[in-house]
Amino acid sequence: MPQLTAAAALQIGLLISALPAQYILTRWFGSDSTQRIQASRRLINNWNQFRKSYLTLQAWKDWLKEWSLKGRSVQNEDPLGESPAVEVLLLKEKDGYFAGSLEPRSPRSPPIKYRVGQVFRHKHEGYLGVIIGWDEYANAPDEWLHERYHADFQNLRYTPHYKVLVHTNDGTSSATAYIPEEDIVILTSVQVYHPMLNSFFSSFDGERYVMMPWLKQVYPHD
């Protein structure tokens, strides 16, 4: 008995479907040959698009890759609802440096003047940004602190520091910064653009950005 290959099965399926297709064309588009030819062309085009989207090896590879990435995202999801962008930040700051700790800031430290979600202008460099976290004093590796604050500026190490997303005009730069409180000039009714903005905030209320639930748990009094 001859073996039925996949190619042969496909050919048989196409032959079997030919008669119903011809009936449908006649039933829906009339007996006029020009109309049937146009309808046939549309069906063939639609079939080709379907075949390219779902019946090619590359299409299935792309689908499997997307499915795999989504599966990893769900498996790595944090109870606080972190996004992949936030996970990357926390991975880089796993020791809690640069306001990366998820320990709730409660009660709120009295020296902290500004709040998460406020938009600001850097006093000296002029760029805009939005606050996404703070520490009561600079919490960073020693080498970073020594490079950032030489002898004349050691006192700044012991002042509040803020983690910020730096505004970008085209919304593509993912720059962040960790700056002392004295460099911040608060702005109101101003929005910023940053590719990770939606990972930290749900909306803008006209004055400041509204924190996502996971971030609100970390800064409940901001």
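**A strand at the edge of the sheet**

Let me start with strand β4, residues 176-180: 4 of its 5 residues are buried, so the strand is largely enclosed by the rest of the structure. Please keep in mind that this is a predicted model.

Which strand does β4 pair with? Its partner is β3, residues 161-166, and the two run antiparallel over 5 bridges. One of the bridge pairs is His 161 with Pro 180, the latter in β4.

Next, the sheet. It is open and has 5 strands, in the order β4-β3-β2-β1-β5, with antiparallel pairing. At its edges stand β4 and β5 (184-187), each with a single partner strand, so one side of each has no neighbour in the sheet. From one strand to the next, the twist averages 45°.

Now to the charged pairs. In general, side chains of opposite charge can pair when their charged atoms come close. How many salt bridges are there? The count is 2.

One of them joins Asp 135 and Arg 105, with the closest N and O atoms 3.3 Å apart. Asp 135 belongs to strand β2, while Arg 105 is in the loop between α4 (84-92) and β1 (119-122), so this pair ties together parts that are 30 residues apart in sequence. Are these two residues buried or exposed? Both Asp 135 and Arg 105 are buried.

Another salt bridge is formed by the side chains of Asp 222 and Arg 108, at 2.6 Å from N to O. Asp 222 lies in the segment after α7 (213-218) and Arg 108 in the loop between α4 and β1, so the parts tied together here are 114 residues apart in sequence. Asp 222 has a relative accessible area of 10%, and Arg 108 has 18%. Buried means under 20%, so both values fall within that class.

Finally, the protein as a whole. It has 7 helices and 7 strands, and along the sequence they follow the pattern α-α-α-α-β-β-α-β-β-β-α-β-β-α. Of the 222 residues, 31% are buried. The accessible surface is about 14800 Å², and carbon and sulfur atoms account for 56% of it. Among contacts between residues at least 6 apart in sequence, 57% join residues at least 24 apart.

Technical notes. Residues numbered from 1 in each chain as written. Predicted model: local features only at pLDDT ≥ 70, side-chain atom pairs only at ≥ 80, totals over all residues. Heavy atoms only, no water. Buried < 20%, exposed > 50% of the residue type's maximum accessible area, 1.4 Å probe, protein only. Pairing = 2+ DSSP bridges. Contact = heavy atoms within 4.5 Å. Areas by Shrake-Rupley, 256 points an atom, 1.4 Å probe, with all protein chains shown as cover. Axes fitted to C-alpha atoms, helices over the stretch in contact; angles between N-to-C directions. Salt bridge = Lys/Arg side-chain N within 4 Å of Asp/Glu carboxyl O.
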